[in-house]
Amino acid sequence: MRVLITEKIAEKGIEVLKKEGLDVDVEVGIDRGELLKVINNYDAIIVRSVTKINEEFYQHATNLKVVGRAGNGVDNIDMDGATNRGIIVVNTPEANTVSAAEHTIGLLIASTRNVAQANAKIKNREWDRSNFKGVELQGKTVGVVGLGRIGGLVTTRLQAFGMKVIAYDPYITDERFRKYGVEKKERLQDLIKESDFITVHTPKTEETFGMIGEEEFKVAKKGVRVVNCARGGIIEEEALAKAVKEGIVASAGLDVLVNEPNTTSLLLDLDNVIITPHLGADTVEAQNNVGVTIAQEVFSALKGKMVPNAVNLPTLQYQELEAMKYYLKLGENLGKLYHQLEKEAIEKIEIIYSGAVADMETAVVTLAVLKGIFEPILKERVNYVNARLIAKNRGIAVTESKKMVNGNFMNLIRVKISTKNKEFTVAGTVFAKKDMRIVDVNGFVFDVTPTPYMLVANNTDKPGMIGKMGSLLGENNVNIATMQVSRKHKDKEAMMFLAVDSEVNKETLNIINKAEGILQIKFVKL
Ligand SMILES: NC(=O)C1=CN([C@@H]2O[C@H](COP(=O)(O)OP(=O)(O)OC[C@H]3O[C@@H](n4cnc5c(N)ncnc54)[C@H](O)[C@@H]3O)[C@@H](O)[C@H]2O)C=CC1
Ligand SMILES: O=C(O)C(=O)COP(=O)(O)O
């Protein structure tokens, strides 16, 4: 599989990809036209904040499976475009947050104490001690907009300077404000009115773009100092320039601009504004973290594994994912059974989680079940990203429900598939954290370990059937590894699950299908 890297990432990350056997091309700063020309040769691309992954790009990227964002913000990536095509977008949201937080503090202090301006003077051989009076941080109020990962790190660092921190973030719980010892502001305007310093740490969204603008500067304290180390335009640039000129904003420290790269911004002409060219994540540690993490994630995603930082999937922590690994596998196996045993078009899929699994992020297991259901019958790529969309496009209703207790099992996943004429149900459990079992198929009770090659047969419950099956398979050179038989009522229908060592060909299946007492036999790949 081939990976294209279009922006600088740590050498260590590239090594990880190569070690995993991937073909890696590094084309830092590749021309856009050239990128569009070659991208159909690649299975994955790794970018930072510069490469625009948009509709035009996707139209050329016909073989792309993964977009790796070596960093945090994903505003340069069209997420719907990726999801619609089943392309997984992964990023490294934790890997550079400390660096971004530290750069924020750097900008805040540097702009408040005129570090950059005074340095420029002295480099110009001028010893000027009269034009650079700053203010102290201690005892001042700082307003943090967005109390997420970086907002939180900035908060604790500014508290160490003796600042009072107030924050505005309508999307987090009161508990998080309490945890950080931060006063919650219900309205942005209230934060603006009370702050001596304002620092923004939200993603760039429709709501946050321009969220601090002319109206906000009207109510701000005269002499407020602002920092933006998040995304250009969260503090509106023209309004900021005006507020600086009017003396409302005493200083600004910016790491980001609306248009990047940028050497013409009107903010560059203002002495009280210091700007760094998007350096928040540029530390040795952050880049090593980011590079290695993105390489591992892109590799996992290419292998079709669930990745914790997949942006267009439910979010999971590594520990959570580890704990759920076998439920995901089981869910996929349960799903895979349907179309290999049945033909009828599905109208409804109901997934019922009971016991311990019900406490987990079951939305992801549901995706695994759907992936399992569609994979055997679709030519198009089916993965965690597009499985739900595929169900929707096929007009299939998918519901998920939870029961806290479940009779005989510590945990159980039951999948009910309804068609026009019938219902197919299959259930499975995971015990000892990693032993998967299929325990029920259409009311036939089993204790079957899913294995790659299985035969599933229905037969009349009468003497000699197990022997007959064994002989027929033996005669056709199929070795049985394990076998289980289940029946609901004596002398009626029975069901067999056989784990076999290899694929079973059509001829053999035909011979067995015709045998007296065999109602049907299907080969199933799990
Ligand atoms: N300058 C640089 O090099 C870097 C910049 N960043 C940027 O920093 C920003 C923050 O990153 P993280 O803290 O990791 O993100 P995060 O997702 O952990 O936190 C963002 C917070 O903003 C809040 N938020 C969203 N909309 C809001 C609104 N309308 N009003 C108030 N709060 C709102 C969210 O509830 C969340 O708590 C992102 O824009 C990211 O791209 C991140 C790394 C490096
Ligand atoms: O991670 C982020 O969100 C950043 O802004 C860092 O961007 P970069 O990878 O340095 O282009």
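**Note on helix packing and ligand shells**

1. The crossing of helices H1 and H12 is right-handed. A crossing is right-handed if the near helix is turned clockwise from the far one by less than a right angle, and left-handed if anticlockwise. This is a predicted model: local features need pLDDT of at least 70, side-chain atom pairs count only at pLDDT 80 or more, and totals for chains, interfaces and linings use all residues. Residues are numbered from 1 along each chain as its sequence is written, while chains are lettered from A and ligands numbered from 1 in the order in which they are written.

2. H1 covers residues 11–19 and H12 covers residues 284–302. Helices (H or I, at least four residues) and strands (E, at least two) are DSSP runs, numbered from the N terminus. The axes of H1 and H12 are 7 Å apart, at an angle of about 20°. Axes are lines fitted to C-alpha atoms, for helices over the stretch in contact, and angles run from 0 to 180 degrees between N-to-C directions. H1 and H12 are therefore roughly parallel to each other. The cut-offs: under 35 degrees is roughly parallel, over 145 roughly antiparallel, 65 to 115 roughly perpendicular, and the rest oblique.

3. Which residues of H1 make the contact with H12? They are Lys12, Gly13, Val16 and Leu17. H12 answers with Asn288, Gly291, Val292, Ile294, Ala295, Gln296 and Phe299. Two residues are in contact if their C-beta atoms, placed from the backbone, lie within 7 Å. The contact of H1 with H12 has six nonpolar, four polar and one charged residues. Here Ala, Val, Leu, Ile, Met, Phe, Trp, Tyr, Cys and Pro count as nonpolar, Asp, Glu, Lys and Arg as charged, and the others, Gly among them, as polar.

4. Next come H5 (residues 97–112) and H7 (residues 149–159). Their axes come within 9 Å and cross at roughly 50°. H5 and H7 are therefore oblique to each other. H5 passes H7 in a right-handed crossing. Thr97, Val98, Ala100, Ala101, Thr104 and Ile105 of H5 meet Arg149, Ile150, Leu153, Val154 and Arg157 of H7. This contact of H5 with H7 has seven nonpolar, two polar and two charged residues.

5. H13 (residues 318–341) packs with H14 (residues 362–374) at about 30°, with the axes 6 Å apart. The crossing of H13 and H14 is right-handed. Residues that H13 brings to the contact include Met324, Tyr327 and Leu328. Those from H14 include Val364, Val365 and Ala368. By class, the contact of H13 with H14 has 11 nonpolar, five polar and three charged residues.

6. How many residues surround ligand 1? There are 33, and the closest are Gly73, Gly146, Gly148, Tyr171 and Gly280. A residue is near a molecule or strand if its C-beta atom, placed from the backbone, lies within 6 Å of it. H5 and H7 are the elements that give two or more residues to this shell. H7 gives the most, with three residues. The shell around ligand 1 divides into 14 nonpolar, 13 polar and six charged residues.

7. Around ligand 2 are Arg48, Ser49, Ala70, Gly71, Asn72, Gly73, Asn96, His278, Gly280 and Ala281. Two are nonpolar, seven polar and one charged.

8. Two backbone spots deserve a check. Most residues other than glycine have a negative phi, and most peptide bonds are trans. Asn114 has a positive phi, near 55°. Asn114 is in the loop between H5 and helix H6 (115–123). The peptide bond from Glu260 to Pro261 is cis, with omega near -5°. Pro261 is in the loop between strand E11 (249–254) and strand E12 (273–275).
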